Amino acid sequence: MLLSRVAERVYWQARYLERVENLARLLSVYSTLLMDLPKGSKLGWHTLVQISGTEKHFNARYKQQSERNVIRFLLAERNGYSILDCLALTRENARTTREIMPTEAFEMINNLYYLARDKADKAVDRSTRGELLDRIISECQQITGLLGGCMSRDDAYCFVRLGRSLERADMTTRIVDVGSGDLLEPLGEGAIGEDQSTPFENILWVNVLRSQSGFQMYRQHVRERIRGEDVVKFLLQNDQFPRATAHNLTTIIKVLQKLPNSSKVKWQVDKTQRLVRNAEIEKKMEKGLLGFLDELQQEIAAIHFKIAETWFLANK
Amino acid sequence: MRVNWKTYNPGKFFDELISSPGYARKPARRLASYLKSLTHDELLQKKTAAELAIKTMGISFTVYSDAGNIDREWPMDIIPRLISANEWDTTSKGLEQRLKALNCFIHDLYNDQKILKDKVVPKELILNSANFRKQCVGIKPKYNVWAHICGTDLIKDADGQFYVLEDNLRVPSGVSYMLENRRVTKRVFPELFENNYDIRPVTEYPTQLFDMLASLSPRNVKYPEVVVLTPGIYNSAYFEHSFLAQRMGAELVEGGDLIVENDKVFMRTIDGLSPVDVIYRRIDDLFLDPSVFNKDSVLGVSGLFNAWVKGNVALANAPGAGVADDKIIYTYVPQIIKYYLDEDPIIPNVPSYLCIDKAQRDHVLKNLDKLVVKPANESGGYGMLIGPQASKKELEEFARRIKANPRNYMAQPLIALSTVPILGDRVVEPRHVDLRPFVLQGEKSYVTAGGLTRVAMVKGSYVVNSSQGGGSKDTWIVGDN
C-alpha cells in the first residue's frame, strides 16, 4: 500500500539523486578531458550546458561561456539545475518521505547536502573541484547501496528504481552527446569514420566511458580498440552494462510487472526500447547523432508523463 | 571551560540539580561530579558531538518569519534534567487523574451538561467559548474519550513542587523532541547510562501511541489503518508528524491524500482507494473539514466531520476537545476533578484570578504590574503580559483590553520558575525551565517517563517557547538506588 503522493516523492528523490551523481560524473570527466584536447576545438565549456538541457537558463544568466561561469552554474548556484540544488531537492523529497525509508538514508542525504553546501563555492576552482566531485559520486553510490541493501522490495522501492533507471537512461544519452560528432566539428572530416580516428577522438571516447565507470566493462565486453560507434552502441544498446540506456529500460519493464495498472507505461517503454535496439548506429552517426538522441530523449520524457498520469496525485 | 559548581548560584530560585553553590541535590550528585571531572576539551567535544548529531539526524523545527519559513536545527542543552522516580510516580498519577476528569467534562458538555446544570461551571463560560463546537453536541466517541493525547505543562515554584500551568488538548506537540533528545544524550554521555544511573526509558511512546490509536478503530479488524494527518511540510511541527508516522509505522497523509465517499474515509494510493480507520490529526478543528468549519481551508478533507459523526472513522483528538483547554476553564479544573471523580487533585493548579468576576478583576487591575495576564485562547506564549517586566504603556494597554473583554483574560502571580544548569559558552549557568509530559487516554491511560523539558536560554527570561528562542533538555526519571 503506497500513497500516490509518497510514490511521486520517492520517485523524484531517486531521480534527483541519480542526476546529482551523473552531473558530478560529467563535470569531473570534463574537467580532465579539456586539458588533453587541442586548442581551438569547439568542445568548450558551453557543451556541458547544452547537454544538460539548461542552455536557455544559462544564457539568460550569463554572457560569457567561461569555465568559471559554467561550473558555477552547474555546481554551486541556487538555480534549480545545479548539483547543489538537485541535492537540496533530493533532501526535500527524502525529508517528506522519511517515514518509509531506512533512518540512515535521510541522515546520509542530509549530510551530503551539507557537505556540498559548505564546499560548492570553493570547488568552482579547479584545485579543489575534483575532490568534491569524487566525494559526491561516492556518497551517492553509498546511498544507492544503502537503499538496495536495507529497503524491502515493496512498492516504494519500485518507485526508487523507476526514478533511478529513467534518470540514468536519460543521462546516458546526454553523456553520449558529449562524444557525438556534432560537437566535434574541428576534429576534422571523417573523424568518426572507419579507422581514421585521431588521438583526440580516442581520448574523448575513453573519457566518455570513464565518466560512466564503463571503461573496464567496455574492454571486457567489446574487446575492440576504442571506436566511437562501438562506444555509442555499448552505452545505448548494451543490455548488461547497468548504466546503458537499454539496460535501464529493461529494468523499468521488470519493475512495471510488480506495479498495478502499468500497461500504458509499459507500452511507452516498449516503444522506446524498440527505438534504441533497432537503431543502426553507424548510419545514424554518419548523419549526426544529435537528431537521434533528441528523439530518444523525448521518448524517455514521454515515459515520465505516462508514469505521472498513471500513479501520481495531481493526475487523479 | 570547566564546570565549577562553587560559582554556580541559582539565587532565590529553586534549582533542581544544585541546592546551593557547591552542593548537588541527592539524585544529581553523580551527574554533578561527573560533569566536574570533564576537562575543557572533553566538555567542548561533547557539546560539538551533540550539535553534530542534531544536524545529522535532521532534528529541526520551522520558524515563520518575513524572510520565509526557515528550517532550523533543534536547540538542545546537553546537561540533563533529573527528577526522582518517587516524585514522578505521584506526578504521573496526577496527570492521569486530570485527563480522565477533563474527558468526563468534555463528554458531559457535549451531551447531558450536568456540570452546567449543577452550576459548578458557569453555563455562559462554555456557551461563549470560541472552542465550544455546537456541531459536536450529542456525539459519543468510543470510550467517551475526546482528548486522547494531552500535553500538560508543569512548572516548579520556589517550593520545588510541581504545579499545572496549562492543559493542551488540541494538537500538542513536542514529544518527538523528547525522544530525539534522549537519542542525542545517549550518543553524548553513554557512560552515564552504563553504570551510574537507572534511567527510565522513553522509547516506548510511539508504540503506546499506536496501540491507543488502534484501540479507537471503528472497524473490528486485526490491523486497522492508522494515519497521521499533517498540514504539510510548511507546518512548524512537520518534523514531528513525519517522525511519529515513521516510528509508529503509520501513513503520513496530507488533506489531498484523503477523500470521503459515502461518509467513509479513503486514501489515494497507487492501487486506488484504500480505507482509513483512525486519523491522528495534527490540523486544528477549524481547518479539518471545509464543508463544516472554515470554508477556505485547503488543508482539510471535505466530508470528514460527517464520516466521524457517523462513526466510520476515529479522530484523535476529537473535534471540540479544545473546549477544555481554554485558560479560563483551566481555573475550574480542581472543581471538575472533584465533581466527576470525587477526588482531590493530586497536582495543584497555579492560583489564578478570573477577570470575568468583578472582585477578582479589580484585584488584577490593581496589581497588574505584579501579575502575568493570559488571554483565553492563545498558545505559544503569544499575547500575554508579564507584569513585572512590562512597560507602563503595555500595562495601560492590557488594562484597557481586560476591561473591554473580561471573559477573555485570566491572571496569575509570577511564578518563580525553577532552574536547571545549562552549559553556556564558558560556564554553567542557571536557566528557567518547564516540563511538558504527554498523557494518552483511550482504552487505557499512559504517561511518558518525564517529558519535554523546555528551557529559556536567555538569562533571566521566562519564555521557553522554541519559536521565541527557547531550548530544550533531556529529562531523566532516575531510580533511587
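Leaving out neighbours within four places in sequence, I find Asp155(A) in contact with Met1(A), Leu2(A), Lys258(A), Leu259(A), Ile270(B) and Asp271(B). I note that this is a predicted model.

Next I looked up where Asp155(A) sits. Asp155(A) lies in helix H8 of chain A, which covers residues 155-179. I then asked: is Asp155(A) buried or exposed? Asp155(A) is buried, and it has no salt bridge. The nearest side chain of opposite charge belongs to Lys258(A), 8.3 Å away. A salt bridge needs nitrogen and oxygen within 4 Å.

How many residues of chain A are in contact with chain B? I get 30 residues of chain A, against 29 residues of chain B. The area buried between the two chains is about 2,500 Å². Carbon and sulfur atoms give 47% of that area. I count 4 salt bridges between chain A and chain B. I looked up the pair Arg183(B) and Glu107(A): their side chains meet in a salt bridge, at 3.7 Å from N to O.

Last, I went to a sheet in chain B. This open sheet has 3 strands in the order E10-E11-E12, with antiparallel pairing. Its edge strands are E10 (258-261) and E12 (272-275), each pairing on one side only. Neighbouring strands here are turned by 45° against each other on average, direction ignored. Between E10(B) and E11(B), residues 264-269, I find 4 bridges. Within this pairing, Leu258(B) stands opposite Met267(B) of E11(B).

Definitions and conventions. Residues are numbered from 1 along each chain as its sequence is written. Chains are lettered from A and ligands numbered from 1 in the order in which they are written. This is a predicted model: local features need pLDDT of at least 70, side-chain atom pairs count only at pLDDT 80 or more; totals for chains, interfaces and linings use all residues. Side-chain values use heavy atoms; hydrogens and water are left out. Helices (H or I, at least four residues) and strands (E, at least two) are DSSP runs, numbered from the N terminus. Buried means under 20% relative accessible area, exposed over 50%, partly exposed in between (1.4 Å probe, protein chains only). Lys and Arg count as positive and Asp and Glu as negative; His and the chain ends are not counted. Contact means heavy atoms within 4.5 Å. Two strands pair if DSSP finds at least two bridges between them. Axes are lines fitted to C-alpha atoms, for helices over the stretch in contact, and angles run from 0 to 180 degrees between N-to-C directions. Buried area is the accessible area (1.4 Å probe) that two parts lose on being put together, summed over both.
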